[in-house]
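Here's a model to look at together, one piece at a time. Have the 3D view ready as you read.

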Amino acid sequence: MAEDTNINVIASEERAKQSVSLEHATDRLPRSARNDESKTQPLIPKLRFKEFAGDWSTEFFGKYVLHSAFGPRFSSGLYQRDGGIATLRTTDMDLDGNISYETMPFARLTVDEVKDHILEQNDIVISRSGTIGITGIFKDFRAPVVPGAFLIRFRIDTKSVSSNFIKQNFNSPLGRHKLNALSAGGVQKNLTGTSVKKAEVNFPSLPEQQKIASFLSAVDEKIQQLTQKKSLLEQYKKGVMQQLFSGELRFKDENGEDFPDWEEKRLGGMLKMVVDNRGKTPPIEDEGYPMIEINAVGSRGIKFSVISKFVSQNTFDTWFRKYLESGDILFSTVGATAICSIYTGEKQAVIAQNLVGLRFKIEDSEFMFYLLTEARNNHKFKRIEMGAVQPSVKVSQMVDIKFNVPCLEEQQKIANYLSALDAKIEIVNQQISKTQEFKKGLLQQMFV
């Protein structure tokens, strides 16, 4: 990857400062220069490898397409868990067009029945409905694979253009916009092979295409590695929580002795107070005290960045009967029920009518967050849900649910261990976000 980072930056200093770094990649970016302002803008990217020069050319994508076709449509009765022909669906690709071969279903068909549809090396597949324009490349030969009915397959002249360059180009914001503009239909728009062939693409020479595609693929690989790392950490945390709350895994005290046996306790018996907001919506303002809604809970901490509703000082002082305190567990009672977060008091806030705040007497609030969100414990609330269209959980019923709870010292040890895991997951999540932002900047500046 280091060899591919000698990029010429043709941009203003202000724009260059907005670039996001991936590890030390941007430390190796050379000088910047400003494009000449003229009536006819040359087709030159803002970021470029230093060994390349000259204008790019504009061509229709169809110029390089040898063959295109929709994937075959199968009856659902033909699908099976394994054996037969693997089928690539739109759901087997992420938004960057990376294909997951492990999730593909199999169709009870023979190679002869689908021989005209089997994907070959470097075939491009593009989603034609739903999230339009997701572009991937087939590169795997572990088994015969055919594209599903909601994908279009393109076989291109790889001696003239790079399929990976096309993939990165079409998955860029501008490329996705072009494909959406070429789709037709009403509420449910669709792409056709003919319409995609009309997409205008700016091309450099083939060697430059290959170098751009190789660099961006390295960034994609970094994102995939981080995503896999996050997934493994989350799976590990889930398994540890199951062992901890089932009693299979226990901590020792400071003397290496066993802690006392866990006790069965009613939720209501552990509560000091339940905070609500009177069961109706207060007057809403554009600024003031943030009102936490269900979209802001679900992780350990509250996502204040997504909050869009606020209440005034007067409403805050007069409307609410009770107020949140640091350590309260926010708990959703309507809609997607039993979703929790910990309120740490970093911002004074109020809650919407579909949330309550659970304040405990002596129990460790972090431990109670993990106890309430552990899968089997959390399912206990699902058992008392009422209503079909809009499920709800009544506080008067949930307080009677019983849980096994350890002594306070063991609670704190469990909470500290799980909090440390959450911190590791959050670090990886931030790395993913930064790398995605870095790639977004590259896509905007490496293509014309």
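Which loop is Ala338 found in? Look between β17 (329–332) and β18 (340–342), and you'll find Ala338 in that loop. Keep in mind that this is a predicted model.

**Two residues with a positive phi**

Why stop at Ala338? Most residues other than glycine have a negative phi. Ala338 isn't a glycine, yet its phi is positive, near 65 degrees. Asn122 isn't a glycine either, and its phi is positive too, at about 75 degrees. You'll find Asn122 in the loop between β7 (106–107) and β8 (124–127).

Buried or exposed, or something in between: what about Ala338? Ala338 counts as buried because its relative accessibility is 4%, and the cut-off for buried is under 20%. Asn122 has a relative accessible area of 23%, so it is partly exposed.

Here are the two side by side:

| Residue | Phi | Relative accessible area |
|---|---|---|
| Asn122 | about 75 degrees | 23% |
| Ala338 | near 65 degrees | 4% |

**A space inside**

Now for the cavities. How many of 30 Å³ or more are there? The count comes to two. The second largest cavity holds about 50 Å³ of space. Its lining is made up of Val275, Asp276, Asn277, Phe320, Lys322, Tyr323, Leu324, Ala349, Val350 and Ile351. Sorted by class, that lining has seven nonpolar residues, one polar residue and two charged ones.

Notes
Residues are numbered from 1 along each chain as its sequence is written. This is a predicted model: local features need pLDDT of at least 70, side-chain atom pairs count only at pLDDT 80 or more; totals for chains, interfaces and linings use all residues. Side-chain values use heavy atoms; hydrogens and water are left out. On a 1 Å grid over the protein atoms alone, a cavity is a set of points where a 1.4 Å probe fits but cannot get out, and a pocket is an open set with protein on both sides within 12 Å along at least five of seven lines; lining residues have an atom within 4 Å of a point. Grid points are joined across faces, edges and corners, and a volume is the space filled by probe spheres set on the points. Ala, Val, Leu, Ile, Met, Phe, Trp, Tyr, Cys and Pro count as nonpolar, Asp, Glu, Lys and Arg as charged, and the others, Gly among them, as polar. Helices (H or I, at least four residues) and strands (E, at least two) are DSSP runs, numbered from the N terminus. Buried means under 20% relative accessible area, exposed over 50%, partly exposed in between (1.4 Å probe, protein chains only).
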